[in-house]
Each structure stands twice: as structure tokens, then as C-alpha cells.
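Please read the following paragraphs with the structure open beside them, since they move from the sheets to the loops and then to a helix.

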Amino acid sequence: RRAVPAAPAAAAPEPVLVGASGAADPLAAEAVDQPDHDPSRRLLLARGAAIFAGLTAAGTVGYGVRNALGPPRLDRVQIPLAKLPRGMDGLRIATVSDIHLGPLRGRAHTERIVAMINRLDADLVAVVGDLVDGSVAELGEAAAPLGDLRSRYGSFFVTGNHEYYSGVEEWVREVDRIGLRVLQNVRQEIRTPAGVLDLAGVNDVTAAGTGLAAPADFAAALGGRDPSRPVVLLAHQPVAAVEAAKFGVDLQLSGHTHGGQMVPFNLAVRLQQPVVSGLGEVDGTKVYVTNGAGFWGPPVRVGANPQITLVELRTP
């Protein structure tokens with residue numbers, strides 16, 4: 001008997017899409033053949049995303065401009081100092097930095113800051129650098145309201161790096177004439193009925209030259225003092241605490257960072273300064289950094305509002 005060859009296997013039938021009526025649906029079949037790709041829809045989505053991003057950026061910048069040009073926020077912080085005499089508990093230091101008087105910030109800006117500080121009825125006022133971005137001839141009138149600052153034991157000033165771009169010797173004389181004591185690598189005894197505190201100040205760490213433009217001299221400001229007394233150091237840049245800690249400084253008050261001011265400057269600041277905003281510590285020295293009451297560069301502040309700080313010293 002001859003073997004009968006097997007019949008070839010039948011090819012699998014093509015799938016047929018049917019409609020609700022059970023009949024073949026040519027539109028459904030066409031949908032399978034065509035990819036889900038609509039260039040006009042993609043373009044619409046891309047344009048929508050770009051518009052959304054633009055509106056978000058514009059809103060953020062608008063918010064930042066309003067913050068930068070608006071009034072400083074008042075913050076209060078309590079800082080315990082181990083050596084503070086019991087009777088001096090609660091001593092208050094109104095602290096402001098980076099006022100940055102200049103083309104966009106004039107006399108009205110200074111008057112607003114002075115009015116805010118005077119309402120605090122502070123024991124001391126500390127202006128920790130970067131007051132101006134211009135010469136005395138240009139901005140002397142704008143700085144004049146600082147002469148109206150009120151406090152029980154005096155108002156004090158240390159230079160920031162921007163004073164060295166603006167004629168530091170003239171500004172030191174002008175600030176002193178207005179009525180603030182300029183602490184240039186020196187210290188001042190603050191005597192109260194309940195005890196004594198040393199208040200020291202150093203020039204900005206980037207200063208160079210001689211005389212009024214001499215660089216920071218920590219030994220001159222802090223050496224040979226009574227170690228049983230608490231000492232508060234005014235220094236524009238937080239990084240000064242690296243040297244200040246070697247002299248047993250209890251607290252350093254600084255500015256310079258603007259609290260970061262805005263992205264991406266906040267990232268760069270963290271690479272340069274040990275504390276960017278608020279209270280920190282460097283080698284046993286407490287460092288408080290205020291965000292500043294003005295701005296530098298574009299008038300934008302996002303995430304770091306302008307600030308005046310009332311520092312209240314407490315006994316542990």
C-alpha cells in the first residue's frame with residue numbers, strides 16, 4: 001500500500017473585527033493598521049507644556065520681585081550663652097545686614113528699616129555689613145536715617161565686602177558721623193546694671209590694604225580679654241567663624257549670604273559658607289546668619305525673604 005501524503009495544514013484565518021451587529025467592521029480594522037500618532041496633537045501638547053512652564057517661571061519671578069522689594073520680615077531667635085550673667089538674661093540685639101542701598105534702594109528703604117528696629121526697643125543694634133553699593137556722594141543721603149536708630153547701649157557697624165567696592169574709608173567716616181560705632185578689629189565693653197558683655201567686630205575677611213581698609217584681625221579684636229565674660233562677634237561673612245572659634249567666641253552674628261536669595265546662587269553659597277541662614281555652629285562657636293534686608297543683583301528673592309532679626313540672649 002502506498003502512503004497517502006497528509007493534507008497541508010490550513011493557514012490560520014486572519015482576525016476579523018466585527019461590530020455590535022456581528023458584521024465585519026472596516027473602520028475597526030483600519031484603526032488596527034494605523035498607529036496612534038497625531039502630529040497636530042503632539043504639537044498642541046508641546047505648546048501647552050511650554051506655555052505652562054513660561055507662566056510658572058513668570059509667576060515665580062513675580063513672586064520673587066515682590067519679596068525682594070517688599071518690607072523685611074521680622075524674626076526672633078533665642079540663643080543660650082553659657083557665660084551670660086543671670087541678670088543679663090533676655091538681652092536683645094536687633095540685627096540687620098545687607099541693606100544694599102543703591103539705584104533700586106534709597107532713603108525710603110532705610111527709613112522703613114529704622115522704623116522697624118526702633119519698634120523693637122532693643123538693647124543693642126548690630127548692622128553687619130554691605131550697607132551700600134555706591135559712594136558717599138551718591139548714597140550719603142539714603143544712609144542718613146541710620147542716625148535715628150535707638151537702643152539702650154548703642155548701635156554698631158562692621159564693614160562688608162561691598163563697602164570695599166564703594167570707598168570704605170569714606171563710608172567708615174560717614175557711618176561714624178551718623179552715630180553708629182564702627183568696630184574695626186576692636187571690641188567694646190557693654191556694661192549693664194546686671195553684668196558685662198564684650199562686643200567685638202572685625203573687618204570683612206576679603207579686605208586688603210592698611211589703615212581703615214585693613215583685613216580682619218581677630219587677635220586685635222579678641223586677644224587679651226577676660227575669658228570669663230561672654231563675647232559676641234560681629235563679622236559680615238559666616239566663614240569668619242573658622243578663625244573666631246580659635247579665640248573662644250561664644251556667638252558670631254553675620255549676614256552676607258542673603259539666605260541664598262535664589263536658585264542657583266543658594267547652591268554656590270553653600271560651597272563657600274559654613275552656615276547659610278539661621279543658627280548653626282562652627283568648632284564650638286554659635287553662628288547666627290540673618291538673611292539681609294536688601295538684595296544684590298536681580299531684585300528677586302525666592303525662598304529667602306528679606307529679614308531683620310531680634311536676637312535674644314538667654315542664660316542656659
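Six strands make up an open sheet of mixed pairing, ordered S6-S7-S8-S9-S11-S10, where strands are DSSP runs of E with at least two residues, helices are runs of H or I with at least four residues, both being numbered from the N terminus, and two strands pair if DSSP finds at least two bridges between them. At the edges of this sheet lie strand S6 (186-192) and strand S10 (278-282), each of which pairs on one side only. Neighbouring strands of the sheet are turned against each other by 25 degrees on average, direction ignored, the axes being lines fitted to C-alpha atoms, for helices over the stretch in contact, with angles running from 0 to 180 degrees between N-to-C directions. This is a predicted model, in which local features need pLDDT of at least 70 and side-chain atom pairs count only at pLDDT 80 or more, while totals for chains, interfaces and linings use all residues. Residues are numbered from 1 along each chain as its sequence is written, and side-chain values use heavy atoms, with hydrogens and water left out.

Glycine 278 stands opposite valine 289 in S11, and glycine 280 has valine 287 of S11 as its bridge partner. The two strands S10 and S11 form a hairpin with two residues between them, and in the turn aspartate 283 has a positive phi of about 50 degrees.

Histidine 100 is found in the loop between strand S2 (92-96) and H3, and although histidine 100 is not a glycine, its phi is positive, at about 50 degrees. Histidine 100 counts as buried because its relative accessibility is 3%, buried meaning under 20% relative accessible area, exposed over 50%, and partly exposed in between (1.4 Å probe, protein chains only).

Which residues does leucine 120 touch, not counting residues up to four places away in sequence? Leucine 120, found in the loop between H3 and strand S3 (124-128), touches Leu74, Arg76, Arg92, Ala94 and Leu310, contact meaning heavy atoms within 4.5 Å. Leucine 120 and alanine 94 are 26 residues apart in sequence, and 7.6 Å apart in space, C-alpha to C-alpha. With a relative accessibility of 7%, leucine 120 counts as buried. Aspartate 121 lies in the loop between H3 and S3 and has a positive phi, near 55 degrees, in a residue other than glycine; at 43% relative accessibility, aspartate 121 counts as partly exposed.

Finally, helix H4 (residues 136-143) has Val136, Leu139, Gly140, Ala142 and Ala143 as buried residues. What covers the buried residues of H4 includes helix H3 (107-118) and helix H5 (168-178).
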